[in-house]
Amino acid sequence: VDVTIGANSVVESGACLGDRVVIGPGVVIGRDAAVGDDSQVGARAAICADVHLGARCRVQPGAVIGSDGFGFARNGVEWERVPQVGGVRVGDDVDIGAGTTIDRGAIGNTVLCRGVRIDNQVHIAHNVEIGEHTAMAACVGVSGSTRIGRECTIAGMVGIAGHLVIGDQVHITGMTQVTKSLAGPGVYSS
């Protein structure tokens, strides 16, 4: 009810738009995607197949949610593509900044929990999980299969290696390179 769809936008088969959703111009909502009630998707954003956005989410212009990540394996000579068959699940009240890319899961889902705040130009790789009310500033890169806890803050240009566990209430200062898991709450810098 009361859905607004901007000029030149595409809503593919099986997609579901909740009540009072606003879709900007030039947006693509992929096959079997879902956009929750009262959510807004900005111009030229892509909500790819099997991406589910919760209620009251805001996706800024140019964001891409659910594209394939770096799904390649070396066969000894060449890089071969490995199908990325997971999706993306985004909880309620999540903000996703302009130009941000969130990769679909390789097997399971990439998950952003309720209240997450993602700034512009952030990259979230496949199968990352981000806990409730965590915030990331611009140009953060999170490598695949990393789990980030609740109520964390990650400042601008932080790089986080893959397959790590970042605990709850961890605060990482700008331009830090995180190469190992950070279990306890506190402030971390490098």
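Buried means under 20% relative accessible area, exposed over 50%, and partly exposed in between, with a 1.4 Å probe and protein chains only. The structure is a predicted model, in which local features need pLDDT of at least 70 and side-chain atom pairs count only at pLDDT 80 or more, while totals for chains, interfaces and linings use all residues. Residues are numbered from 1 along each chain as its sequence is written, and side-chain values use heavy atoms, with hydrogens and water left out.

**Exercise 1.** Locate Arg58 and Asp95, and state how their side chains meet.

Solution. The two side chains form a salt bridge with an N to O distance of 2.8 Å. Arg58 belongs to strand E10 and Asp95 to strand E15, so the contact ties together parts 37 residues apart in sequence. Arg58 counts as partly exposed at 37% relative accessibility, whereas Asp95 counts as buried at 18%.

**Exercise 2.** Find the edge strands of the open sheet of eight strands.

Solution. The order is E3-E6-E9-E14-E17-E20-E23-E26, with parallel pairing, where two strands pair if DSSP finds at least two bridges between them. Strand E3 (16–17) and strand E26 (165–166) each have a single partner strand, so one side of each is left without a neighbour in the sheet. Within this order, strand E20 (residues 129–130) and strand E23 (residues 147–148) pair in the parallel sense over two bridges, and Ile130 has Ile148 in E23 as its bridge partner.

**Exercise 3.** Classify the ring pair of Phe70 and Trp79.

Solution. Rings of Phe, Tyr and Trp (its six-membered ring) pair if their centres lie within 6.5 Å, and planes under 30 degrees apart count as stacked, over 60 as edge-to-face and the rest as tilted. The structure holds two aromatic pairs. For Phe70 and Trp79 the centres are 5.8 Å apart and the planes stand at 70°, so the pair is edge-to-face. Both residues are exposed, and Phe70, Phe72 and Trp79 form one aromatic cluster.

Technical notes. Helix = DSSP H or I, 4+ residues; strand = E, 2+ residues; numbered from the N terminus. Salt bridge = Lys/Arg side-chain N within 4 Å of Asp/Glu carboxyl O.
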